[in-house]
Amino acid sequence: MTQTISLNRPRRTAVILSGGGARGAYEVGVLWYVFDELSRIRGRPPQVDIICGTSVGAINGCYLAAHLADPVLGMRRLVHLWSELELTRVLGFGFRQVVSLPRLLIGGGNDGTGLFDLTPMADLVGREISWRALARTLRKRKLRALTVSTTEVGTGRTVVFMQTSPDTNIPAQAPPRTLFRADHIGPHHALASAAIPLLFPPVRIDDQLYLDGGLRQNTPIAPSLRLGATHVLAIGSSREVRGVVAREEGSQALRSPGATFLLGKVLNAFLLDHIDVDIELLTRLNHVLKDGAAKFGPGFHDALNDAARTRGAPAYEYVNCLTVRPSEDIGRLASAHVRKGQFLGNPLLTKRVLNLLDFGVGDEADLASYLLFDGKFCRQLIELGRSDAQARRDELLAFFDRDDEDGGDLEHDETGTWDGRSLPPFRTVST
C-alpha cells in the first residue's frame with residue numbers, strides 16, 4: 001500500500017539520537033550502516049539537515065556533525081573509538097569518589113557530585129571531537145542546525161542549546177518548560193547533556209548547573225520539528241515491549257529486587273521510555289492530517305493551520321518518521337557480558353569496580369548497561385545496531401530516496417521487500 005502526502009515546504013531531514021550511556025554504541029552501529037553500506041547502495045551519503053542529540057546521543061551527534069564533510073570515514077573512526085573503550089579509562093572511580101559517597105546522598109558543595117569523576121570522559125570528548133570542524137560544518141551550511149538537550153538543575157526545565165547555520169533562525173516558540181538557547185556548542189554542552197544524575201556530577205555552563213537532558217527529553221524530536229524537519233530518523237536505545245510480558249523461570253521478577261536493579265529500572269523510566277510517547281504523538285498527528293484530508297478534502301490542512309495561526313500556535317505538518325530500536329534487551333546483554341568478565345584493558349580492576357558497586361545483577365543489568373563503556377560490549381551493541389538497520393534497509397532507502405529534492409510528494413511504501421543483498425564481511429568480536 002502506497003500513501004502519498006503533499007508537502008509545500010522544503011525537505012529537511014533530521015537525525016534524532018537518544019540517551020542511555022554505554023547504550024550509545026547501538027546508535028553508532030545504526031549510523032555506521034546508514035553512512036557506510038546504505039551510502040554505497042544509494043551512490044551517495046544521505047543528506048542530513050538537522051542533528052538533535054540528548055545525553056550520549058549528544059556526544060554522538062556532535063561527532064557526526066563534525067564529520068559530515070566525510071561521514072563514511074567519520075563513522076568508521078567512531079566505530080573504532082567505541083570498540084577500543086576501556087571502562088576504567090572512561091569512568092573515573094577512586095578514593096575521592098569513595099569518600100564522597102555520603103555527600104552524594106545528602107548533597108552539598110557548590111557544583112554537586114557524582115559517583116564517577118567526569119574528567120576522563122571530558123578528556124575523551126575534548127580530544128576526539130573536532131569542535132572547529134563542527135562550527136565549520138554549520139558555517140558552510142552543510143548542516144542547518146545542531147541541538148543538545150540538557151536539564152537545568154535550578155529550575156528542572158529542559159534547556160536545548162542550538163547552533164545553526166547563518167540562514168537558520170532559532171525557533172521563536174518552544175514546548176512547555178523548555179528553553180531554546182543559541183550558543184556555540186562545545187564539549188561542556190555535550191558533557192552536561194550526558195551527566196546522568198547521581199552517576200556523574202552536573203556541569204556548569206555560565207552561571208547554571210546542567211544534567212542529563214534525557215530526564216525530560218530523551219528523544220529530542222520536538223526541537224527538530226520546531227526547526228522545520230519534514231523527515232525524522234529517530235534511533236532509540238531501548239527495545240519496544242508490547243503486550244503482556246511472560247515471566248521466565250528463575251527470572252529476576254520472581255525475586256525481591258535489589259537497589260541496583262531498581263535504580264536501573266528508574267533510569268529506564270527517566271531516560272529511555274519517552275520515545276514511545278513521542279513517536280505515538282507524532283504518529284497520531286500524522287493520522288489526523290491524513291484522515292482529515294480524506295474525509296473533508298485537501299482544504300482540511302489549510303483550515304486547521306488557519307485556526308492554529310489565529311491562536312499563535314505552530315502549524316500542523318505531516319512528518320515522515322522512521323524509528324530504529326534494538327531488537328534485543330540491552331539490559332540482558334549487559335548482564336551476560338558482566339558474568340563472562342571479559343573486559344578490555346584491566347579486567348581485574350574493571351571487575352573490582354563492578355563488584356564494589358554491585359552493578360552485575362541477575363538476568364537484567366540495566367544499570368550496568370549505562371556504564372559498560374567496555375570495547376567488547378560496545379562492539380556487540382554496534383553489531384546489533386548495524387544488523388537492525390540492515391533489516392530495515394528497504395525502509396531506510398525509501399526514507400532517504402528523495403533527499404535531493406525540496407517539497408513535492410512523499411511516498412511511503414508499506415510493503416517493501418528484502419532483496420537478499422548481503423553486507424560485506426563483518427567480523428564478530430567475541431565477548
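**Note on loops and helix packing**

1. Asp401 sits in the loop between α20 (393-400) and β11 (408-413). Helices (H or I, at least four residues) and strands (E, at least two) are DSSP runs, numbered from the N terminus. This is a predicted model: local features need pLDDT of at least 70, side-chain atom pairs count only at pLDDT 80 or more, and totals for chains, interfaces and linings use all residues. Residues are numbered from 1 along each chain as its sequence is written, and side-chain values use heavy atoms, with hydrogens and water left out.

2. Asp401 is partly exposed, at a relative accessible area of 43%. Buried means under 20% relative accessible area, exposed over 50%, and partly exposed in between (1.4 Å probe, protein chains only). Asp401 and Arg42 are 359 residues apart in sequence, yet 8.2 Å apart in space, C-alpha to C-alpha.

3. Arg141 has a positive phi of about 65°. Arg141 belongs to the loop between α9 and β4 (145-152) and is partly exposed, at 48%. Asp206 has a positive phi of about 55°. Asp206 lies between β7 (203-205) and β8 (208-212), in the loop, and is exposed at 56% relative accessibility. Most residues other than glycine have a negative phi.

4. Helices α1 (residues 24-35) and α3 have axes that come within 9 Å and cross at roughly 30°. Axes are lines fitted to C-alpha atoms, for helices over the stretch in contact, and angles run from 0 to 180 degrees between N-to-C directions. α1 is therefore roughly parallel to α3 (angles under 35 degrees count as roughly parallel, over 145 as roughly antiparallel, 65 to 115 as roughly perpendicular, the rest as oblique). Gly24, Glu27, Val28, Leu31 and Phe35 of α1 contact Val56, Gly57, Asn60 and Leu64 of α3 (heavy atoms within 4.5 Å). By class, this contact has five nonpolar, three polar and one charged residues (Ala, Val, Leu, Ile, Met, Phe, Trp, Tyr, Cys and Pro count as nonpolar, Asp, Glu, Lys and Arg as charged, the others, Gly among them, as polar).

5. The axes of α4 (residues 71-83) and α19 (residues 375-391) come within 7 Å and cross at roughly 140°. The two helices are therefore oblique to each other. Val79, Trp82 and Ser83 in α4 meet Gly375, Cys378, Arg379 and Ile382 in α19. Four nonpolar, two polar and one charged residues make up the contact.

6. Met121, Val125 and Glu128 are buried in α8 (residues 119-128). Their cover includes α3 (56-66), α4, α5 (87-90), α9 (131-139) and α10 (187-193).
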